[in-house]
Amino acid sequence: MIDRYRIIGPLYDFLAMIFSFGQIDKCKCGMHDRIKPDMKVLFAGVGQGIDAIEAASLGAQVTVVDLSETMLRVFQKRIQGRRFIHPIRAVHSDIFKFDEFEHFDMVYANFFLNVFPRDVVTDLEEHLASLARPGGYVVVGDFSLPTGGLFARFVQNVYWRIADVLFYVMARNALHPVYNYPEHLRQLGLEIVETRYFRVLFDKRYASILARKNDAPGRSRKTFSLKSGK
Ligand SMILES: C[S@@+](CC[C@H](N)C(=O)[O-])C[C@H]1O[C@@H](n2cnc3c(N)ncnc32)[C@H](O)[C@@H]1O
């Protein structure tokens, strides 16, 4: 299997820090005050995993999943020699093959959904929601939907496109506009509980979105229905 993050993987967090003036890291941990000790927390497409490490430091039972061996190697290096109340479980897998349905209190997708093309991202959101327990949460940290006047939206779109094209070239990520994650999550029947924004210069560039899954048990993957993808 080709590891698309073989070259860019070790540089990923450094580039993200420069590109966002540190705001991407803040966004990734933007909902961490919701994490309580012993909670089961999943990080899908974890990458280098500062968010997962922070969650484990808060006493959560953390599972991380990533398809890239390179990313997981960097992640393992980062946790080497560190002790947590619950050791972090790292799974090398395609997230679509990870099937611990309704198991997690919180499922994180930080800067992960934007990797996928439009026709896959809705399936992936549905899959991630099916991994959260009834009443559990899905957290999406990503580029914020452009807002404001014409010029502000233009600048925000250009900002996103720079990252999009860069990652298309380096990791074959999909080319697409910024996704409307709150709308997608609502369409899956999740309630948007809170959104926190992270600014660069004048604009909201990144958002951490906390969405809550219905309390009713048994809403596993197959019972979700999507009206349309945006
Ligand atoms: C853009 S990086 C984001 C990494 C990390 N979440 C962050 O915010 O720094 C996307 C990550 O998703 C992983 N990934 C891509 N497709 C995947 C898949 N199908 N299943 C699991 N992980 C995947 C990549 O290997 C990469 O580590």
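Q: Two strands pair if DSSP finds at least two bridges between them. How do you know that β1 and β2 pair?
A: Count the bridges. β1 and β2 share five, in the parallel sense. The rule asks for at least two, so they pair. Val 41 stands opposite Val 62 in β2. This is a predicted model, where local features need pLDDT of at least 70, side-chain atom pairs count only at pLDDT 80 or more, and totals for chains, interfaces and linings use all residues. Residues are numbered from 1 along each chain as its sequence is written, and side-chain values use heavy atoms, with hydrogens and water left out.

Q: What makes a stretch a strand or a helix?
A: DSSP runs do. Helices are H or I runs of at least four residues, strands are E runs of at least two, and numbering starts from the N terminus. β2 covers residues 61-66. Helix α3 covers residues 50-57.

Q: What is the order of the strands in the open sheet?
A: The order of the seven strands is β3-β2-β1-β4-β5-β7-β6, and the pairing is mixed.

Q: Why do β3 and β6 stand at the edges?
A: Each has a single partner strand, so one side of each is left without a neighbour in the sheet. From one strand to the next, the twist averages 15°. Angles run from 0 to 180 degrees between N-to-C directions, and the axes are lines fitted to C-alpha atoms, for helices over the stretch in contact.

Q: How do you know that β2 and β3 pair?
A: They have four bridges, in the parallel sense. Asp 66 has His 92 in β3 as its bridge partner.

Q: What makes helix α5 pack on the sheet?
A: Contacts do (heavy atoms within 4.5 Å). Helix α5 (residues 118-131) touches β1, β4 and β5. Its direction makes about 140° with that of β5. Helix α6 (residues 150-171) also packs on the sheet, touching β5, β6 and β7. The direction of α6 makes about 75° with that of β7.

Q: Why is His 92 called partly exposed?
A: Its relative accessibility is 44%. Buried means under 20% relative accessible area, exposed means over 50%, and partly exposed is in between (1.4 Å probe, protein chains only). The value of His 92 falls in between, so it counts as partly exposed.

Q: What makes the approach of Leu 67 to His 92 a polar contact?
A: The backbone oxygen of Leu 67 lies 2.9 Å from a polar atom of the His 92 side chain. A polar contact is a pair of N or O atoms within 3.5 Å; within protein, one must be able to donate a hydrogen and the other to accept it, and residues adjacent in sequence count only if both atoms are side-chain atoms.

Q: How many residues of β4 are buried?
A: Seven of its seven residues are buried, so β4 is called mostly covered by the burial rule. β2 is mostly covered too, with five of its six residues buried.

Q: What makes the pair Glu 194 and Arg 34 a salt bridge?
A: The closest N and O atoms are 2.7 Å apart. A salt bridge is a side-chain nitrogen of Lys or Arg within 4 Å of a carboxyl oxygen of Asp or Glu, so the pair passes. Glu 194 is in strand β6, and Arg 34 is in the loop between α2 and β1, 160 residues apart. Glu 194 has 23% relative accessibility and counts as partly exposed. Arg 34, at 28%, is partly exposed as well.

Q: How do you know that Asp 13 and Lys 28 form a salt bridge?
A: Their N to O distance is 3.8 Å. The limit is 4 Å, so it counts. Asp 13 is buried, and so is Lys 28.

Q: How do you know that Asp 142 has no salt bridge?
A: Lys and Arg count as positive, Asp and Glu as negative; His and the chain ends are not counted. The nearest side chain of opposite charge to Asp 142 is Lys 28, 11 Å away. The limit is 4 Å, so no salt bridge forms. Asp 142 is buried. Polar contacts join its side chain to those of Asn 114 at 2.8 Å and Tyr 181 at 3.2 Å.
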